[in-house]
Amino acid sequence: MPSLYTEIEIYAPRSKVWRVLVHKEKWVYWNTFLYDCAPERKFAEGQEVFLSLRRVPGEDETEFQPRITLLQPPVCLKWVSGIPGFVSEQVFELQDMGRDRTKYIHQEYFSGALTRLLLPFIRAEEQQGIRRMAWELKQFVENLR
């Protein structure tokens, strides 16, 4: 199954990183990859949320409505979105690395009959976006007081 992956070490406790990650209504302050289109919809298993993404700065946003498949505070958030023939599952995982250190992992898995056709067009830009988000999360969390 084709996938994308990034990880980064954040010098903050996992609980602090989690709070920033799941408060999507505050993404506007640090996240240039994902945007919250409906702040009133909180993350909850089985719930759809309305988001958009910008793979590359300056690009038009792409709206999507993922369904939350796992919400396990303060460890993991997963969602699935797609169109007929193309499915994306995003996984955000936080691993405790000891005193005030957290490993943030962002993975995206692709499946479906259209994956071979669509993935070459989005792979590099999507990878750039998830790396940018990891870096922005790190910077924001580490600079919070």
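The backbone oxygen of arginine 55 lies 3.0 Å from a polar atom of the side chain of arginine 132, and the side chain of arginine 132 also makes a polar contact with the side chain of threonine 32 at 2.7 Å. A polar contact here is a pair of N or O atoms within 3.5 Å, where, within protein, one must be able to donate a hydrogen and the other to accept it, and residues adjacent in sequence count only if both atoms are side-chain atoms. This is a predicted model, in which local features need pLDDT of at least 70, side-chain atom pairs count only at pLDDT 80 or more, and totals for chains, interfaces and linings use all residues. Residues are numbered from 1 along each chain as its sequence is written, and side-chain values use heavy atoms, with hydrogens and water left out.

Arginine 132 belongs to helix α2, a DSSP run of H or I with at least four residues, numbered from the N terminus. Leaving aside residues up to four places away in sequence, arginine 132 touches Thr32, Phe33, Arg54, Arg55, Val56 and Pro57, contact meaning heavy atoms within 4.5 Å.

Alanine 124 is also placed in helix α2, which covers residues 115-143, and its C-alpha atom is separated by 13 Å from that of arginine 54, 70 residues apart along the chain.

The table uses relative accessible area, with buried under 20%, exposed over 50% and partly exposed in between (1.4 Å probe, protein chains only).

| Residue | Relative accessible area | Class |
|---|---|---|
| Arginine 132 | 14% | buried |
| Alanine 124 | 60% | exposed |
| Cysteine 37 | 37% | partly exposed |
| Cysteine 76 | 7% | buried |

With a disulfide defined as a pair of cysteine sulfur atoms within 2.5 Å, the count comes to zero.

Technical notes:
Helix = DSSP H or I, 4+ residues; strand = E, 2+ residues; numbered from the N terminus.
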